[in-house]
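Reader: Hey, could you walk me through a few spots in this one? I'd like to begin with a sheet.

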Amino acid sequence: MTAPSCIIAECNPFQSHSGEVWAHGVSCSGKDAEMLAAMHAEYIIDEFGYHIYTLPSMQRKHAEAARKVGRWAPMPDDGDRAQTHVRIPLPLRRIVDRDETEGGKWLLIELRPNHYISPHHTLLSPCLFDTAAVLRIKSLFAEHDLSFAQLCTSEAEKGSDKKGQAYYIATLLLPMELTTFSEIKAQGKALSREAAVTLACMHAELLLDAHAIALFPSDAVKQKQHALTAWSFGRPAPIPGEDHKNPLHVVSPLPLKELAVRREDRVSCMSYEEDLVRRHRALTEQTCEFTETPVLDEKAVELLKGFLKREKVPRTDPFFIEEVQGFVKATVVLPLPDIFGVRGGVGIAMNTADAVILAAMHAIDVANMLGVHITAEGTTRSEWIKTRNSRGESTPAEAQDPSLVSPPGRRQIGTQNSSNAVDNDMNTGSGSGSAGPVDSALPQAPKRRLPKRAKLVMDSEEGDTTASQAASEVDYLKARECVSKELWGLEPDSPDGYIMVSPKDPELRTQYEHALYSPRQIDPCAKVRIKGYLASMGRRAEEVFFVQRIEAEDNGGQAICRCALNLPVPRRFGDRIALGEAVDPRDAENLAAMHAELILDTLGIPIYTDGTLQRRHAELCLKNGRYAPVDASSDISPSTASPPPLRREVIGSIHWENKIKKHAPIVVSRANTTKTSVGVVQDESDPLVAPKEAQAYVFVAEKDLDVVSRPRVQYYLRRNGKPKLEAEFRMELRGLGNVLHVAEFMIPVPASFGERIAHGSALTKRDAEILCWMHAERIIDALGLCLFDNLPGLQKRHAERVKRLGRWAPVVGEGAAMPPDTPSPLPLTLGTAPEKPPYPNLPSNIVQEWDKYVGECRRYIEVNSMREENIFYEMEKIPRTGDPLYDATAEEVESATVDVEAKNVLQRYCTAANVAYPVFWKSRTVGPVSRRVCLTTIEVPGHEHITASGVAVNKDTSQRRAAMHALALLRRIDPDFYEIEKEVKSETEEKIAFIDPLSLLEDDGAPARRPAKPNKKRLGSWDPVAKDFSHEGKVRIIELFTVCFGLHPPIVRHLNRREGTLVHHTTTVEVTDEDDKLWVGEGHDAGPRFNEVAAYEDLFSRLSRSVPGFQALMDLIRNHCYLDPEHIANVSLSEAQKERLHRVLDDIPDVEEGEEVVKPQEWGEFKGEAVGLLSRVAMEASEQAQESQNLRDKLHEKLTNEEYLSRYATQRQGLSIYDKREEILNAMDSSQIVIVVWHNEGAVRQRRCRNTFWII
């Protein structure tokens, strides 16, 4: 337990003849401390004889009340006692007789959302709420056939606090089947029943580890990982095979209780783990500035761990990891005295390893600034300081100063689809200009972080960068002359100091993706940008957005929501609060995000960490006359005031009505399509009031999109000297809030026709661009211009094609020039839905009109099916088929979160099940125009007649959904799925490096030897470990039994029967013995693959008990375990081969009756006298003698060779083993196998084992 966090309150000094006198009050809460200090001041005043009340009657009542409790206080007639000896009362301190821990019986835990990345098999901390503990305990109970529902009970308890909060106490009983000695109770206490059960399961996991009870008894690999991780977190846990501990010798962890009081009202002291979690969270809150770190120090982590080990920190893994919108944040707390406050390191990167290194580097920087030495004393410290000095890094200060502020945190952030994002900003045109051109050859940013990336160069950035940045500060002032003040004015619109936002959304408005178009138009994208900024600072939106309802004076009688955003900015700017007010809380959050963006731009703080996106942001702000920094080098005064807060008015408010009267309505001007660079703003075009959507556009069905219109128009452009023409993009909000992409470009036509602009709008940029090219083609045709003026035949075919579509196009040589005032065709937009066809009626003449009737029916079914499917697509769901099994799996997948490893799991399943992984992942865009989603379909592996689907807003997520759907279907239709899943799981866990726990305690992380993978090494027919035949051996023995006795091979039958939606599989293996008796082995309760194994096991057991011939084969294989029935030759000869063998055998003379045949073991006795058939192949005795003499001559020649004697024989005689030459030769003559191990000492010991002579 940490020291109580007491609060001391002091009153202003009281002047007396002896000097100043202070009143003190000590308590665990600030309110109580102030009250005690006031009481102490009252006692001091009474002791000095001064009157507290000027009214005599009140002073008399006060004195009487004080004297009743045994304390003196002056009456109105009494004088002061300042000149006499006064004994000042002692300070007051509140004595707490009952706190939140109920006298130390409970360990407190805050049930706030836990975003730290916890291991899937271990609690990260007892004071971090972890719902996965329930699944681990339920899995343990299921392995021991225990009922979790029966052993876990909960009851309501009336709280003893003033608010009368009702607590639930959950009790989980750990029976003797788990504990061995006696039952153990795990408890959890919370304000909800579910939370209490979760806390009880967390306590149960702590109890199991403390009593050395395995949490994963059937999985040794996982239990070892659990133990090692728990030890690294400073908690004991058993390794596989460890004996249970006696509960009498164990200090059990305290049960867990939810902390339901505010921090300022708390009276209990914090535990170590609770204080550690608080410090980690405080590090994130106090780090508001980061330094980009391009080079990482790989040794920083080990250096910091060594310092923590010397400081005796219980945790060997001190880092807390958190993922925030793709960024990974790591924090580490330094064990420093309380006088330094909460100090530690914070690192943000794109992966966990880099984040940990950055946090360690920041922690070292903090320690060096505070004068705390990380390295131990000696030469190592001096060398380390010298190395850091040479690299320009921080070194320990000479004196410790607790008042110093920690340096900025460290951050290393790579590219995050900046190229795509910049390309998307082509749709962010405004009413007064368009974005500058972007290099079309820019490569797309990958999804994974790259160490280096190509710099995006725009036309506006060519030349001197410094000069362009200096000029941009003047350019945005010039831009204000060309755009409306509504877009850049940051002065308050209302008397109470707010910028007023329009209460209505216009039908046509412009929005940017990477910048705020106008502070007086609500922009939902601002919240996305601010969330990205907060994520780069390691913050979450839900942690900094605070919404409350307030009463407003002028709001039409409606309560207004105020959203406050505590914006993390560098310390030099102080605290900056972004405010947004609206009736709708979502609008209030959007307004607060808009205000936050304005504050960051005003203070010169980049909103993006990517330089390309920040330059794009600055460019868009410049077009609208507002300032935004290009990079972080802007020098803004810390005293710069924040822009006024934003408020969305309601219809009928006095402030809004007054503004309407003073200002003219805002009109939307058409965008100028000429490409300009940053700092050059085109003159504003004539205002064009936005027309009604139904009258200003031609709706085009999705099936009518013509992708070939682009090459046709590009051919026309090349003929007119404009080979390269790219569309400009922006975004518009139309109708009921649909955000559309708009593509536009100017068509080069004769000057007499004026300026002609092609326009296309759709929900996607691709469709908008296609519609823009289609509109350009229609404009060229309407003006009487030929697309293919040099190809008359092709132009004629084009004219015939558009005629069939109901339009007109000229023909070469026709001379159909249109007048200059010919209007352009209406712009094109994507249609919302196909027209619903009428119900098909049966024709009168069926024979002639049957095909037409079938087409109408097909069209009717397709359209209605599409409408029903669009209902599901709009909700990002898979259309239902009516099949209960298929629909149940779809519901299961849609209710779960997206599994990023779903495709990898599916691939591992295919490998284990020996089925083909899906090759074709068919993805297409579906759904209504207002809600376009991506549908991915795949064939279920092993069941190609079944299709799995996935629906999401993007392709990657939809593919993961499809993989999850395929796994859900396999879980129900593949009976071997669970067995295969266990194999995949075990093989995956074996890839994890194992660490020796003893070396971990000694801070030596050398990996231990990995165990061999099961079933990877063939052991033959006999398993020496299990002392039994292996499965392969049993199958081969059964097959060998049928071959030896001339029986029919084993017959394997796979049977199944259906009961409702369930399918039961059974496998039988049949063998008929020599007595025509049928032997059958059965396997069930699984699928065909595993049932066959069980059937062979059953048949082997039956045959081994009842068939003597089979028993003889078993004895043969058992006694000669080196024999492998699998390698027994089974030769099949053709008729020609058989006849040839018979001819060879007929030529060999038969052995006469009575003639002896020499056996191989008797050759030595006959001494060369060969008789019978073997005499024809045996060697003559004279020949043997001659051959032996030749061999002896060769040996003698070798032994007498000078080179041999000088290089080998002399050196061999000098070896210590040469003295044992005769002994080794005798051993080789008398034994089949001899192993010689030569020691340098020359000691030779002999041991006989069976027929083998060993020399050790």
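Author: Strands (E, at least two residues) and helices (H or I, at least four) are DSSP runs numbered from the N terminus, and two strands pair if DSSP finds at least two bridges between them. This is a predicted model, where local features need pLDDT of at least 70, side-chain atom pairs count only at pLDDT 80 or more, and totals for chains, interfaces and linings use all residues. Residues are numbered from 1 along each chain as its sequence is written, and side-chain values use heavy atoms, with hydrogens and water left out.

Reader: OK, on to helix pairs. At what angle do H15 and H17 pack?

Author: About 60°, with the axes of H15 (residues 525-536) and H17 (residues 585-603) 8 Å apart. That makes H15 oblique to H17, as angles under 35 degrees count as roughly parallel, over 145 as roughly antiparallel, 65 to 115 as roughly perpendicular and the rest as oblique.

Reader: Which residues in H15 meet H17?

Author: Ala526, Lys527, Arg529, Ile530 and Tyr533. Their partners in H17 include Glu589, Ala593, Met594 and Leu600.

Reader: New topic: is threonine 822 buried or exposed?

Author: Threonine 822 counts as buried, at 10% relative accessibility. Buried means under 20% relative accessible area, exposed over 50%, partly exposed in between (1.4 Å probe, protein chains only). Threonine 822 is in the loop between helix H23 (792-804) and strand S26 (828-830). Beyond neighbours within four places in sequence, threonine 822 contacts Arg756, Ala782 and Leu783.

Reader: Last one: where does arginine 971 lie?

Author: In helix H27 (residues 955-973). Arginine 971 is partly exposed, with a relative accessible area of 26%. Leaving out neighbours within four places in sequence, arginine 971 contacts Glu892, Phe977 and Tyr978.

Conventions
Contact = heavy atoms within 4.5 Å. Axes fitted to C-alpha atoms, helices over the stretch in contact; angles between N-to-C directions.
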